[in-house]
Amino acid sequence: MKVVFAWAGKTRNAAMRTLIGEYAKRIGRYHPLAVAEVRSASGLGSPEAVRRKEGENLLATLPEKGYVTALSPDGKL
């Protein structure tokens with residue numbers, strides 16, 4: 001099974017990009033891994049429309065089989 005880390009929007013913080021790259025390199029030694037930044041849909045107006053479009057974009061990056069775990073920006077269940 002391939003592990004895919006995907007999120008909406010570009011990572012602009014250089015330190016964060018470095019950490020993502022280091023983490024991906026370390027995990028990649030032990031397990032197939034892909035990192036995907038999908039286009040943000042912030043120009044669509046309503047928050048519901050943005051979430052829907054970004055969700056569709058994120059799901060399009062995933063393999064057909066497997067598990068999906070979504071993380072909340074608030075860090076809550």
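Reply: In this predicted model, the largest pocket holds about 1100 Å³ of space. Its lining is made up of 30 residues, and the closest to the centre are Val4, Ala6, Thr69, Ala70 and Leu71. The largest share, six residues, comes from S1.

To place these elements, consider the chain as a whole. It has two helices and two strands, and from the N terminus on they run β-α-β-α. The C-alpha atoms fill a box of roughly 40 × 35 × 25 Å along the principal axes. Of the contacts between residues at least 6 apart in sequence, 62% join residues at least 24 apart.

Buried residues account for 10% of the 77 residues in the chain. Glu54 is buried, and this residue lies in helix H2, which covers residues 47–60. Glu54 has no salt bridge, and the nearest side chain of opposite charge, that of Arg51, is 8.0 Å away. A salt bridge would need the charged atoms to be within 4 Å. What the side chain of Glu54 does make is a polar contact with the side chain of Ser40, at 3.2 Å. Leaving aside residues up to four places away in sequence, Glu54 touches Ala8, Arg39, Ser40, Ala41 and Ser42.

Methods:
Residues are numbered from 1 along each chain as its sequence is written. This is a predicted model: local features need pLDDT of at least 70, side-chain atom pairs count only at pLDDT 80 or more; totals for chains, interfaces and linings use all residues. Side-chain values use heavy atoms; hydrogens and water are left out. Helices (H or I, at least four residues) and strands (E, at least two) are DSSP runs, numbered from the N terminus. Buried means under 20% relative accessible area, exposed over 50%, partly exposed in between (1.4 Å probe, protein chains only). Lys and Arg count as positive and Asp and Glu as negative; His and the chain ends are not counted. A polar contact is a pair of N or O atoms within 3.5 Å; within protein, one must be able to donate a hydrogen and the other to accept it, and residues adjacent in sequence count only if both atoms are side-chain atoms. Contact means heavy atoms within 4.5 Å. On a 1 Å grid over the protein atoms alone, a cavity is a set of points where a 1.4 Å probe fits but cannot get out, and a pocket is an open set with protein on both sides within 12 Å along at least five of seven lines; lining residues have an atom within 4 Å of a point. Grid points are joined across faces, edges and corners, and a volume is the space filled by probe spheres set on the points.
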